[in-house]
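This report goes through selected local features of one structure. It covers aromatic contacts, charges over rings, the ligand site, a few single residues and some backbone geometry.

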Amino acid sequence: MSTRVIKFFMTRSFKTFLKHTAKDFHNQSVNPPVVRASTIIFKSMQHIRKTQKKAKKNPTGGHFDYGRQGTSTTYILQKILTKLEESYHVFTTPTGFGSVFLAIFSVVRPGDEMIVADPVYSPTRLLTQDYLKDFGIKTIFYDPRDLKTLEKNITKKTKLIFVENPGSNTFDFQDLGKIISIAKKYKILTAMDNTWGTPYYLKPIKLGFDMAIVSATKYYSGHSDVMGGSLAVNKKVFTKVKEAERITGLRLGPDDAYLITRGLRTLDVRLDRHRENAKKIAAFLSRNKKIKLLYPYKKDSLNFRMWKKYYSGASGLMGLKIESKNINSVRKFVNSLKLFGYGYSWGGFESLVLHQEFRETGNRRYMNLAKNEHLVRLHIGLEDPNDLIADIKQALRHLK
Ligand SMILES: Cc1ncc(COP(=O)(O)O)c(C=O)c1O
(Lines give C-alpha, C1' and ligand atoms only; values in the text may rest on other atoms or scores of the structure.)
Protein backbone atom coordinates (compact mmCIF):
# COMPACT_ATOMS: atom_id res chain seq x y z
CA MET A 1 0.00 0.00 0.00
CA SER A 2 1.37 3.39 -0.89
CA THR A 3 2.10 6.06 1.68
CA ARG A 4 -0.42 8.23 -0.18
CA VAL A 5 -3.21 5.73 0.56
CA ILE A 6 -2.20 5.42 4.22
CA LYS A 7 -2.23 9.23 4.53
CA PHE A 8 -5.74 9.34 3.05
CA PHE A 9 -7.08 6.92 5.67
CA MET A 10 -5.24 8.66 8.48
CA THR A 11 -7.60 11.60 8.03
CA ARG A 12 -10.62 9.41 8.98
CA SER A 13 -11.76 8.28 12.43
CA PHE A 14 -9.53 5.59 13.83
CA LYS A 15 -12.35 3.02 13.95
CA THR A 16 -12.90 3.57 10.23
CA PHE A 17 -9.18 3.58 9.55
CA LEU A 18 -8.82 0.14 11.18
CA LYS A 19 -11.44 -1.35 8.86
CA HIS A 20 -10.22 0.18 5.62
CA THR A 21 -6.49 0.45 5.88
CA ALA A 22 -4.06 -2.07 4.41
CA LYS A 23 -6.17 -2.63 1.33
CA ASP A 24 -4.06 -3.66 -1.58
CA PHE A 25 -5.25 -1.37 -4.32
CA HIS A 26 -3.23 -3.13 -6.99
CA ASN A 27 -5.14 -6.39 -7.02
CA GLN A 28 -8.25 -4.98 -5.33
CA SER A 29 -8.18 -7.50 -2.51
CA VAL A 30 -9.51 -6.25 0.81
CA ASN A 31 -6.45 -7.62 2.62
CA PRO A 32 -2.80 -7.01 1.87
CA PRO A 33 -0.76 -9.89 0.48
CA VAL A 34 1.64 -11.76 2.75
CA VAL A 35 5.02 -10.99 1.24
CA ARG A 36 7.55 -13.58 2.42
CA ALA A 37 11.13 -12.90 1.53
CA SER A 38 14.64 -13.55 2.67
CA THR A 39 16.14 -12.21 -0.54
CA ILE A 40 15.08 -9.02 -2.23
CA ILE A 41 16.16 -8.85 -5.85
CA PHE A 42 17.36 -5.60 -7.42
CA LYS A 43 17.62 -4.75 -11.08
CA SER A 44 21.23 -3.64 -10.77
CA MET A 45 23.98 -2.51 -8.41
CA GLN A 46 22.80 1.04 -8.92
CA HIS A 47 19.25 0.05 -7.94
CA ILE A 48 20.33 -1.49 -4.62
CA ARG A 49 22.47 1.57 -3.83
CA LYS A 50 19.55 3.88 -4.65
CA THR A 51 17.28 1.91 -2.27
CA GLN A 52 19.88 2.03 0.49
CA LYS A 53 20.26 5.78 0.04
CA LYS A 54 16.49 6.18 0.30
CA ALA A 55 16.48 4.03 3.48
CA LYS A 56 19.18 6.24 4.99
CA LYS A 57 17.33 9.42 4.12
CA ASN A 58 13.96 8.10 5.27
CA PRO A 59 14.57 5.33 7.85
CA THR A 60 10.86 4.87 8.64
CA GLY A 61 9.88 4.72 4.97
CA GLY A 62 9.79 0.97 4.35
CA HIS A 63 12.83 0.65 2.06
CA PHE A 64 14.24 -2.85 2.47
CA ASP A 65 17.24 -4.64 0.96
CA TYR A 66 17.10 -7.82 3.06
CA GLY A 67 14.27 -9.96 4.42
CA ARG A 68 15.29 -9.52 8.04
CA GLN A 69 14.41 -5.84 7.77
CA GLY A 70 10.82 -6.77 6.94
CA THR A 71 8.60 -6.71 3.89
CA SER A 72 5.58 -4.65 2.86
CA THR A 73 3.46 -6.88 5.16
CA THR A 74 5.35 -5.86 8.31
CA TYR A 75 5.55 -2.27 7.05
CA ILE A 76 1.76 -2.01 6.78
CA LEU A 77 1.36 -3.25 10.36
CA GLN A 78 3.97 -0.77 11.58
CA LYS A 79 2.17 2.08 9.85
CA ILE A 80 -1.19 1.13 11.39
CA LEU A 81 0.37 0.87 14.85
CA THR A 82 2.20 4.18 14.46
CA LYS A 83 -1.16 5.80 13.80
CA LEU A 84 -2.78 4.02 16.75
CA GLU A 85 0.05 4.98 19.12
CA GLU A 86 0.39 8.53 17.72
CA SER A 87 4.12 7.92 17.92
CA TYR A 88 7.11 8.68 15.70
CA HIS A 89 7.55 5.03 14.76
CA VAL A 90 6.63 1.50 15.87
CA PHE A 91 9.04 -1.45 15.76
CA THR A 92 7.51 -4.93 15.63
CA THR A 93 9.19 -7.89 17.31
CA PRO A 94 8.58 -11.68 17.43
CA THR A 95 7.10 -11.57 20.97
CA GLY A 96 5.91 -8.99 23.47
CA PHE A 97 8.84 -9.85 25.68
CA GLY A 98 11.13 -9.20 22.69
CA SER A 99 9.82 -5.61 22.73
CA VAL A 100 10.53 -5.31 26.47
CA PHE A 101 14.09 -6.51 25.83
CA LEU A 102 14.59 -4.24 22.82
CA ALA A 103 13.45 -1.16 24.76
CA ILE A 104 15.93 -1.82 27.57
CA PHE A 105 18.80 -3.04 25.36
CA SER A 106 18.52 0.08 23.17
CA VAL A 107 19.26 2.60 25.89
CA VAL A 108 20.90 0.94 28.92
CA ARG A 109 24.65 0.21 29.06
CA PRO A 110 27.01 -1.42 31.60
CA GLY A 111 27.44 0.87 34.60
CA ASP A 112 23.93 2.34 34.20
CA GLU A 113 21.05 1.95 36.63
CA MET A 114 17.37 1.36 36.04
CA ILE A 115 14.34 1.99 38.23
CA VAL A 116 11.56 -0.49 37.58
CA ALA A 117 7.98 -0.79 38.88
CA ASP A 118 7.85 -3.54 41.52
CA PRO A 119 4.86 -5.34 39.95
CA VAL A 120 6.28 -5.74 36.42
CA TYR A 121 5.54 -8.88 34.42
CA SER A 122 7.72 -11.56 36.06
CA PRO A 123 10.04 -12.24 33.04
CA THR A 124 10.71 -8.47 32.92
CA ARG A 125 11.58 -8.66 36.60
CA LEU A 126 13.92 -11.61 36.08
CA LEU A 127 15.62 -9.86 33.14
CA THR A 128 16.24 -6.64 35.03
CA GLN A 129 16.83 -7.97 38.54
CA ASP A 130 19.02 -10.98 37.73
CA TYR A 131 20.17 -11.33 34.15
CA LEU A 132 21.28 -7.76 33.48
CA LYS A 133 23.13 -7.66 36.80
CA ASP A 134 25.77 -9.89 35.17
CA PHE A 135 26.21 -7.17 32.53
CA GLY A 136 26.94 -4.52 35.16
CA ILE A 137 23.45 -2.99 35.12
CA LYS A 138 21.81 -2.34 38.46
CA THR A 139 18.04 -2.33 38.94
CA ILE A 140 16.10 -0.84 41.82
CA PHE A 141 12.36 -1.51 42.18
CA TYR A 142 9.88 1.17 43.25
CA ASP A 143 6.53 0.91 44.99
CA PRO A 144 3.80 1.80 42.44
CA ARG A 145 1.68 3.24 45.28
CA ASP A 146 4.47 5.46 46.63
CA LEU A 147 6.43 7.36 44.00
CA LYS A 148 8.78 8.73 46.65
CA THR A 149 10.43 5.30 46.45
CA LEU A 150 11.09 6.08 42.79
CA GLU A 151 12.48 9.59 43.17
CA LYS A 152 14.68 8.84 46.17
CA ASN A 153 16.47 6.04 44.27
CA ILE A 154 17.49 8.20 41.33
CA THR A 155 21.24 8.63 41.01
CA LYS A 156 23.54 10.15 38.37
CA LYS A 157 23.71 6.70 36.81
CA THR A 158 19.94 6.24 36.37
CA LYS A 159 19.25 5.83 32.67
CA LEU A 160 15.74 4.41 32.45
CA ILE A 161 12.49 4.30 34.40
CA PHE A 162 10.50 1.23 33.36
CA VAL A 163 6.79 1.30 34.18
CA GLU A 164 4.11 -1.31 33.70
CA ASN A 165 0.59 -0.04 34.14
CA PRO A 166 -1.40 -1.48 35.75
CA GLY A 167 1.11 -3.71 37.53
CA SER A 168 0.93 -7.44 36.80
CA ASN A 169 -1.07 -9.46 39.34
CA THR A 170 -1.86 -6.59 41.72
CA PHE A 171 -3.23 -4.19 39.07
CA ASP A 172 -1.91 -1.03 40.71
CA PHE A 173 -2.66 2.07 38.63
CA GLN A 174 0.09 4.63 38.95
CA ASP A 175 0.28 8.38 38.59
CA LEU A 176 1.81 8.28 35.12
CA GLY A 177 1.97 12.07 34.72
CA LYS A 178 3.94 12.33 37.94
CA ILE A 179 6.39 9.64 36.80
CA ILE A 180 6.96 11.54 33.56
CA SER A 181 7.56 14.81 35.36
CA ILE A 182 10.08 13.15 37.71
CA ALA A 183 11.85 11.64 34.67
CA LYS A 184 11.93 15.00 32.89
CA LYS A 185 13.27 16.74 35.99
CA TYR A 186 16.25 14.36 36.14
CA LYS A 187 16.53 13.88 32.32
CA ILE A 188 15.91 10.14 32.49
CA LEU A 189 14.38 8.07 29.68
CA THR A 190 11.05 6.30 30.24
CA ALA A 191 9.42 3.13 28.92
CA MET A 192 5.97 1.78 29.68
CA ASP A 193 4.47 -1.67 29.16
CA ASN A 194 0.94 -0.81 27.97
CA THR A 195 -0.29 -4.32 27.17
CA TRP A 196 -3.31 -4.10 29.52
CA GLY A 197 -4.86 -0.94 28.06
CA THR A 198 -3.32 -0.84 24.57
CA PRO A 199 -3.18 2.56 22.87
CA TYR A 200 -6.91 2.21 22.23
CA TYR A 201 -7.40 3.28 25.87
CA LEU A 202 -4.12 5.08 26.64
CA LYS A 203 -1.38 6.53 24.45
CA PRO A 204 1.88 6.58 26.46
CA ILE A 205 3.96 8.40 23.83
CA LYS A 206 1.41 11.22 23.70
CA LEU A 207 1.52 11.36 27.49
CA GLY A 208 5.32 11.85 27.39
CA PHE A 209 6.89 8.37 27.58
CA ASP A 210 9.85 7.77 25.26
CA MET A 211 8.94 4.13 24.57
CA ALA A 212 5.72 2.10 24.82
CA ILE A 213 5.44 -1.67 24.65
CA VAL A 214 2.43 -3.81 23.78
CA SER A 215 2.40 -7.58 23.60
CA ALA A 216 0.62 -8.02 20.26
CA THR A 217 0.06 -11.63 21.31
CA LYS A 218 -2.79 -10.33 23.49
CA TYR A 219 -5.54 -7.93 22.34
CA TYR A 220 -3.99 -6.90 19.02
CA SER A 221 -4.19 -10.42 17.64
CA GLY A 222 -7.20 -11.29 19.83
CA HIS A 223 -7.43 -14.90 18.71
CA SER A 224 -4.77 -16.69 20.79
CA ASP A 225 -3.00 -18.01 17.72
CA VAL A 226 0.01 -15.77 17.16
CA MET A 227 2.83 -14.10 19.09
CA GLY A 228 4.27 -10.67 18.51
CA GLY A 229 5.25 -7.40 20.12
CA SER A 230 5.29 -3.73 19.34
CA LEU A 231 7.58 -0.99 20.56
CA ALA A 232 6.43 2.57 19.89
CA VAL A 233 9.03 5.30 20.16
CA ASN A 234 9.36 9.06 19.98
CA LYS A 235 11.89 10.80 17.77
CA LYS A 236 14.40 11.18 20.62
CA VAL A 237 15.09 7.45 20.98
CA PHE A 238 14.27 6.33 17.42
CA THR A 239 17.87 6.04 16.14
CA LYS A 240 19.05 4.15 19.23
CA VAL A 241 16.22 1.62 18.96
CA LYS A 242 16.67 1.27 15.20
CA GLU A 243 20.34 0.44 15.74
CA ALA A 244 19.55 -2.08 18.50
CA GLU A 245 16.87 -3.67 16.33
CA ARG A 246 19.42 -4.07 13.51
CA ILE A 247 22.03 -5.60 15.84
CA THR A 248 19.65 -8.03 17.56
CA GLY A 249 17.62 -8.96 14.46
CA LEU A 250 14.46 -8.80 16.60
CA ARG A 251 11.85 -8.49 13.87
CA LEU A 252 8.39 -9.92 13.37
CA GLY A 253 7.87 -12.34 10.47
CA PRO A 254 5.37 -11.52 7.70
CA ASP A 255 2.87 -14.31 8.46
CA ASP A 256 2.58 -13.18 12.07
CA ALA A 257 2.38 -9.54 10.93
CA TYR A 258 -0.52 -10.48 8.67
CA LEU A 259 -2.44 -12.20 11.49
CA ILE A 260 -1.90 -9.26 13.84
CA THR A 261 -3.07 -6.81 11.14
CA ARG A 262 -6.17 -8.98 10.70
CA GLY A 263 -6.81 -8.95 14.45
CA LEU A 264 -6.41 -5.17 14.63
CA ARG A 265 -9.42 -4.61 12.37
CA THR A 266 -11.71 -5.61 15.24
CA LEU A 267 -9.60 -4.30 18.14
CA ASP A 268 -12.09 -1.56 19.03
CA VAL A 269 -15.12 -3.86 18.76
CA ARG A 270 -13.52 -6.60 20.87
CA LEU A 271 -12.11 -4.27 23.51
CA ASP A 272 -15.47 -2.50 23.90
CA ARG A 273 -17.08 -5.92 24.45
CA HIS A 274 -14.32 -7.14 26.83
CA ARG A 275 -14.92 -3.98 28.85
CA GLU A 276 -18.71 -4.35 28.93
CA ASN A 277 -18.45 -7.98 29.98
CA ALA A 278 -15.80 -7.21 32.60
CA LYS A 279 -17.99 -4.45 34.08
CA LYS A 280 -20.87 -6.91 34.49
CA ILE A 281 -18.65 -9.51 36.14
CA ALA A 282 -17.11 -6.81 38.38
CA ALA A 283 -20.59 -5.68 39.45
CA PHE A 284 -21.44 -9.26 40.36
CA LEU A 285 -18.16 -9.94 42.19
CA SER A 286 -18.22 -6.66 44.13
CA ARG A 287 -21.21 -8.00 46.10
CA ASN A 288 -19.08 -10.82 47.53
CA LYS A 289 -17.61 -9.92 50.94
CA LYS A 290 -14.65 -12.29 50.58
CA ILE A 291 -13.47 -10.64 47.35
CA LYS A 292 -11.66 -7.33 46.80
CA LEU A 293 -11.72 -6.34 43.17
CA LEU A 294 -8.43 -5.31 41.59
CA TYR A 295 -10.13 -3.59 38.69
CA PRO A 296 -11.13 0.05 38.14
CA TYR A 297 -14.79 -0.44 38.91
CA LYS A 298 -15.60 1.24 42.22
CA LYS A 299 -15.31 5.00 42.32
CA ASP A 300 -13.86 5.23 45.83
CA SER A 301 -10.58 3.39 45.24
CA LEU A 302 -7.18 4.95 44.56
CA ASN A 303 -6.94 2.64 41.58
CA PHE A 304 -10.13 4.06 40.14
CA ARG A 305 -8.92 7.65 40.43
CA MET A 306 -5.59 6.90 38.77
CA TRP A 307 -7.25 4.87 36.04
CA LYS A 308 -9.85 7.57 35.35
CA LYS A 309 -7.17 10.26 35.18
CA TYR A 310 -5.36 8.62 32.28
CA TYR A 311 -7.46 5.93 30.56
CA SER A 312 -10.48 6.18 28.29
CA GLY A 313 -11.53 2.58 29.00
CA ALA A 314 -10.65 -0.68 30.74
CA SER A 315 -9.79 -4.04 29.23
CA GLY A 316 -10.94 -7.49 30.34
CA LEU A 317 -8.10 -8.48 32.69
CA MET A 318 -8.81 -8.19 36.41
CA GLY A 319 -7.50 -9.40 39.74
CA LEU A 320 -9.40 -10.75 42.72
CA LYS A 321 -7.95 -10.49 46.19
CA ILE A 322 -9.70 -13.31 48.00
CA GLU A 323 -9.80 -13.44 51.77
CA SER A 324 -9.87 -17.00 53.03
CA LYS A 325 -8.20 -19.06 55.73
CA ASN A 326 -8.71 -22.09 53.58
CA ILE A 327 -6.35 -22.11 50.58
CA ASN A 328 -7.80 -25.38 49.37
CA SER A 329 -11.20 -23.77 48.96
CA VAL A 330 -9.60 -21.04 46.80
CA ARG A 331 -7.98 -23.76 44.68
CA LYS A 332 -11.32 -25.53 44.46
CA PHE A 333 -13.04 -22.32 43.33
CA VAL A 334 -10.45 -21.92 40.54
CA ASN A 335 -10.61 -25.56 39.48
CA SER A 336 -14.42 -25.59 39.44
CA LEU A 337 -14.74 -22.88 36.80
CA LYS A 338 -15.88 -24.49 33.59
CA LEU A 339 -15.87 -21.62 31.09
CA PHE A 340 -12.55 -20.15 32.29
CA GLY A 341 -9.58 -22.09 30.91
CA TYR A 342 -6.54 -22.34 33.16
CA GLY A 343 -3.80 -20.64 31.12
CA TYR A 344 -1.32 -17.78 30.95
CA SER A 345 -1.61 -15.76 27.74
CA TRP A 346 -4.67 -13.52 27.98
CA GLY A 347 -6.21 -11.04 25.52
CA GLY A 348 -7.91 -13.60 23.29
CA PHE A 349 -11.64 -14.16 22.81
CA GLU A 350 -11.83 -16.74 25.59
CA SER A 351 -12.08 -16.35 29.35
CA LEU A 352 -9.17 -17.51 31.51
CA VAL A 353 -8.29 -17.95 35.15
CA LEU A 354 -4.95 -18.10 36.96
CA HIS A 355 -4.13 -18.63 40.63
CA GLN A 356 -1.13 -16.48 41.45
CA GLU A 357 0.24 -19.15 43.74
CA PHE A 358 2.14 -20.44 40.73
CA ARG A 359 3.55 -17.10 39.61
CA GLU A 360 6.86 -15.56 40.57
CA THR A 361 5.43 -12.95 42.88
CA GLY A 362 7.52 -14.19 45.79
CA ASN A 363 10.48 -11.91 45.16
CA ARG A 364 8.40 -8.77 45.00
CA ARG A 365 9.27 -6.12 47.55
CA TYR A 366 6.01 -4.20 47.91
CA MET A 367 3.41 -6.94 47.73
CA ASN A 368 0.68 -5.59 50.04
CA LEU A 369 -0.87 -9.02 50.60
CA ALA A 370 -2.01 -10.20 54.04
CA LYS A 371 -1.52 -13.77 55.26
CA ASN A 372 -5.01 -14.96 54.40
CA GLU A 373 -5.28 -13.12 51.10
CA HIS A 374 -4.91 -14.91 47.78
CA LEU A 375 -4.60 -13.50 44.28
CA VAL A 376 -6.62 -14.88 41.40
CA ARG A 377 -6.52 -13.38 37.92
CA LEU A 378 -9.48 -13.49 35.53
CA HIS A 379 -9.45 -12.64 31.88
CA ILE A 380 -13.00 -11.84 30.85
CA GLY A 381 -13.53 -13.01 27.30
CA LEU A 382 -16.21 -12.40 24.72
CA GLU A 383 -18.69 -15.08 25.84
CA ASP A 384 -22.20 -14.18 26.98
CA PRO A 385 -21.58 -12.48 30.35
CA ASN A 386 -24.63 -14.19 31.88
CA ASP A 387 -23.02 -17.56 31.22
CA LEU A 388 -19.77 -16.36 32.79
CA ILE A 389 -21.60 -15.07 35.87
CA ALA A 390 -23.49 -18.37 36.23
CA ASP A 391 -20.18 -20.22 36.00
CA ILE A 392 -18.50 -18.02 38.64
CA LYS A 393 -21.58 -18.37 40.87
CA GLN A 394 -21.42 -22.16 40.87
CA ALA A 395 -17.64 -22.16 41.49
CA LEU A 396 -17.94 -19.65 44.35
CA ARG A 397 -19.96 -22.20 46.31
CA HIS A 398 -16.62 -23.90 47.06
CA LEU A 399 -15.03 -20.78 48.55
CA LYS A 400 -14.85 -20.98 52.34
C1 LIG B 1 2.15 -7.19 30.76
C2 LIG B 1 2.83 -8.12 29.83
N3 LIG B 1 3.88 -7.67 29.13
C4 LIG B 1 4.55 -8.47 28.27
C5 LIG B 1 4.17 -9.79 28.08
C6 LIG B 1 4.96 -10.65 27.15
O7 LIG B 1 4.30 -10.86 25.96
P8 LIG B 1 4.56 -12.14 25.04
O9 LIG B 1 3.87 -13.28 25.69
O10 LIG B 1 3.96 -11.74 23.74
O11 LIG B 1 6.03 -12.32 24.97
C12 LIG B 1 3.09 -10.29 28.78
C13 LIG B 1 2.65 -11.69 28.61
O14 LIG B 1 1.87 -12.24 29.34
C15 LIG B 1 2.39 -9.44 29.69
O16 LIG B 1 1.36 -9.88 30.42
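The model discussed here is predicted.

H274 is part of helix α13, which covers residues 267–285. Its relative accessibility is 0%, so H274 is classed as buried. A polar atom of the H274 side chain lies 2.8 Å from the backbone oxygen of I380. This distance falls within the 3.5 Å used for a polar contact.

## Aromatic pairs

Over the whole structure, 13 aromatic pairs are found. One of them joins Y88 and F238, with 5.3 Å between the ring centres and 75° between the planes, an edge-to-face arrangement. Y88 sits in the loop between α4 (72–85) and β1 (89–93), while F238 belongs to helix α11 (residues 235–248); the pair therefore ties together parts that are 150 residues apart in sequence. The two partners fall into separate accessibility classes: Y88 has 36% relative accessibility and is therefore partly exposed, whereas F238 has 4% and is therefore buried. Ring pairs also bring in F91, giving a cluster of Y88, F91 and F238.

A further pair consists of F173 and W196. Their ring centres are 5.2 Å apart and their planes meet at 75°; because planes over 60 degrees apart count as edge-to-face, this pair is given that label. F173 is located in the loop between β4 (158–164) and α8 (176–186), and W196 in the loop between β5 (189–193) and α9 (198–201), so here the parts tied together are 23 residues apart in sequence. F173 and W196 are both buried.

## Charges over rings

## Ligand site

The ligand has 13 residues around it, and G96, D193, S215, T217 and K218 come nearest. By residue type, this shell holds 4 nonpolar, 6 polar and 3 charged members.

The ligand on its own exposes 390 Å², of which the protein buries 90%.

L176 is located in helix α8. With a relative accessibility of 0%, L176 is therefore counted as buried. Between L176 and G208 there are 32 residues of separation in sequence and 9.2 Å in space, taken from C-alpha to C-alpha.

K203 occupies the loop between α9 and α10 (204–207). Its relative accessibility of 23% lies between the two limits, so K203 is partly exposed. K203 and T71 are 132 residues apart in sequence, and their C-alpha atoms are 26 Å apart in space.

## Backbone geometry

Most residues other than glycine have a negative phi, and most peptide bonds are trans. The residues below depart from one or the other of these patterns.

The peptide bond from N165 to P166 is cis, and its omega is near -10°. P166 lies in the loop between β4 and α8, and this loop also holds F173.

K187 is not a glycine, yet its phi is positive, at about 55°. K187 is in the loop between α8 and β5, and its 75% relative accessibility is why it counts as exposed. S224, likewise a residue other than glycine, has a positive phi near 55°. S224 is placed in the loop between β6 (211–215) and β7 (229–233). At 40% relative accessibility, S224 is therefore partly exposed.

Key: Residues numbered from 1 in each chain as written. Predicted model: local features only at pLDDT ≥ 70, side-chain atom pairs only at ≥ 80, totals over all residues. Heavy atoms only, no water. Phe/Tyr/Trp six-rings, centres within 6.5 Å; stacked < 30°, edge-to-face > 60°. Helix = DSSP H or I, 4+ residues; strand = E, 2+ residues; numbered from the N terminus. Buried < 20%, exposed > 50% of the residue type's maximum accessible area, 1.4 Å probe, protein only. Near = heavy atom within 4 Å. Areas by Shrake-Rupley, 256 points an atom, 1.4 Å probe, with all protein chains shown as cover. Nonpolar A, V, L, I, M, F, W, Y, C, P; charged D, E, K, R; others polar. Polar contact = N/O pair within 3.5 Å; in protein donor to acceptor, adjacent residues only side chain to side chain.
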